[in-house]
Amino acid sequence: MSTALWIAVAVSAIGTLLMRVVPFLWMQRRLNSESGLNNMPQWLGILGPLMIAAVLGVSIVPVNPSAVSWIATAIGLSVTLLVWSRVRSLGWPVAAGVAVFGIVEVAAFIW
Amino acid sequence: MSQAASHSPVRSALQGVREAIPLLGGYIPVALSFGLVATQAGFSTLEATAISALIYAGASQFLFVGMIATGAPLWLVVAMTLLINVRHVVYGPNLAGLLPRSRHWPWLMHGLTDQVFALALTRLPQLPEVKRFSWFLGASLLAWGAWIIGTAVGATAGEAFTARWPLLGEIMPFALPALFLTMVAPRFTDKRWAVAMGCTILAALCLTLVGWGNVAIPLAAACGALCFYSTQFYTQRFATNRRRES
C-alpha cells in the first residue's frame with residue numbers, strides 16, 4: 001500500500017473517530033454545564049431508538065435473499081418475539097431465533 | 001455496603017463482554033467477508049486488518065476497498081467513506097447522559113458502531129451508574145477485537161472457510177436482526193412509538209432492497225421521526241376537534 005493510500009486510511013479513520021467522539025463530549029459538557037442547557041433535545045432522544053429500528057430494518061434482509069431465506073427470516077423473527085414475550089431478556093430470544101432460522105435453512109438445503 | 005464499594009470493574013466489563021456476544025453472530029461473517037474482499041481487491045492481510053482496526057465501520061470499509069480497486073481518486077474515496085459514517089454523529093449525544101465523564105472517552109468512542117450503540121442505548125439505563133463505564137469497555141472491546149480477528153482470518157483463509165461451511169455465513173448474521181428485534185420490541189406497547197418504529201423498519205428494509213443500504217439507516221430514521229411527529233400532531237388535532245364538538 002502506498003504512502004498516499006495509508007494517508008487516506010488515516011484521514012478516514014480520524015474523521016470517523018471525530019464523528020463519534022466530538023458530539024459525545026459536546027453533549028456531556030452541555031449536560032453538565034450551569035448555563036441551563038441541562039436537557040438533551042427531545043428530537044435527539046427520539047432519533048436514538050429510531051436508529052436502532054433502522055439498523056433492524058437493514059439487518060432483516062438475508063445474506064442471500066431467496067424464498068427460503070425470507071421464510072426462515074419470518075419464522076426466526078416470530079420465534080425470537082415469542083421467546084422474548086416470555087422471558088423479556090436479550091440472550092435466550094436471540095439464541096432461539098438463530099437456532100430456528102438455522103434449522104429452516106439447513107432443512108431447505110437438505111431437501 | 002454502598003453500590004460503589006461493592007462494584008467490581010472486572011465483573012462489569014465481563015458482563016459487557018457477555019452481553020455483546022450476540023453481536024458476534026453478525027460481526028464475524030461480515031468481517032470474514034471484508035477480509036476476503038480486501039485481499040481480492042489487492043490488499044495484503046496486514047493492510048486489510050489495519051483498515052478494520054483503524055476505520056472500524058463495516059459499510060464504509062467495503063466502499064473504501066471497492067473504490068480503491070476501481071481506481072477512484074483518493075479524495076473521493078475519503079469523502080465517500082466519511083459521508084457514509086456521518087450517521088455516527090447522533091450516537092454519541094444519545095449516550096452522553098448515560099455514561100460518566102472520563103478522560104478515556106476520546107479513544108473509547110472508537111468502538112461506537114451501529115450495533116454497539118444499539119446495545120448500549122438499551123442496556124445502560126438498566127445498569128447502575130458505577131457499572132456503566134466498565135460495561136461499555138467490555139462490550140466495545142469484544143466487538144472491536146472480533147472485527148479485527150475476523151478480518152485477519154477472512155484475509156488469510158476466507159475462501160477455504162466459506163467453501164467448507166457455506167451455510168454458516170448465512171445463518172450467523174441472523175443474530176443481528178434477532179437481537180435488534182428484542183431491543184425495539186418494548187417500544188411497541190406505545191401506539192405512537194409503534195407507528196414510528198414500524199415505519200422506520202419498513203423504510204430501512206425497502207431502501208436496502210433497492211440497493212440504498214449505505215444511506216438506509218439515517219434516511220429510515222428520519223422517516224420514522226417524521227412519522228412520530230405527524231402522529232403527535234394528528235393526535236393533538238383530533239383531540240382539539242373532539243373538544244370543540246363536545
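1. How many Å separate the centres of domain 1 of chain A and domain 2 of chain A, taken over C-alpha atoms? This is a predicted model, and the value computed from it is 34 Å. The two domains of chain A cover residues 1-40 for domain 1 and 48-111 for domain 2.

2. Chain B is also assigned two parts, domain 1 at 9-175 and domain 2 at 190-246. Their C-alpha centres are 29 Å apart. The C-alpha trace of chain B extends over about 75 × 55 × 40 Å along its principal axes.

3. On secondary structure, chain B contains 12 helices and 0 strands. Its pattern, in sequence order, is therefore simply α-α-α-α-α-α-α-α-α-α-α-α.

4. On chain A 64 residues take part, and they touch 80 residues of chain B. The two chains bury about 6500 Å² between them, and 80% of that area is on carbon and sulfur atoms.

5. Which helices of chain A supply the side that touches chain B? Helix H1 (3-32), helix H2 (42-60), helix H3 (67-87) and helix H4 (91-110) each give at least two residues. H1(A) has the largest share, with 22 residues. Sorted by class, this side of chain A has 44 nonpolar, 17 polar and 3 charged residues.

6. How many salt bridges does the rule find across the interface of chain A and chain B? The count there is 0. Polar contacts do occur between the two chains: 8 residue pairs qualify, with both residues at pLDDT 80 or more.

7. One to look at is Phe24(A) with Trp105(B): the ring centres are 5.3 Å apart and the planes meet at 70°, so the pair is classed as edge-to-face. The cut-off behind that label is an angle over 60 degrees between the planes. This pair crosses between chains, with Phe24(A) in helix H1 of chain A and Trp105(B) in helix H6 (residues 105-108) of chain B. Helix H1 of chain A is also the element with the largest share of the side that touches chain B.

8. Over all chains, the search of the whole structure gives 2 salt bridges. In chain B, the side chains of Glu19(B) and Arg123(B) form a salt bridge, with an N to O distance of 2.7 Å. Where do the two residues sit? Glu19(B) is in helix H1 (residues 9-40) of chain B, and Arg123(B) is in helix H7 (residues 114-123) of chain B. The pair links distant parts of the chain, 104 residues apart.

How values were computed. Residues numbered from 1 in each chain as written. Chains lettered and ligands numbered in written order. Heavy atoms only, no water. Domains from an automatic or database assignment. Contact = heavy atoms within 4.5 Å. Buried area = accessible area lost by both parts, 1.4 Å probe. Salt bridge = Lys/Arg side-chain N within 4 Å of Asp/Glu carboxyl O. Polar contact = N/O pair within 3.5 Å; in protein donor to acceptor, adjacent residues only side chain to side chain. Helix = DSSP H or I, 4+ residues; strand = E, 2+ residues; numbered from the N terminus. Nonpolar A, V, L, I, M, F, W, Y, C, P; charged D, E, K, R; others polar. Phe/Tyr/Trp six-rings, centres within 6.5 Å; stacked < 30°, edge-to-face > 60°.
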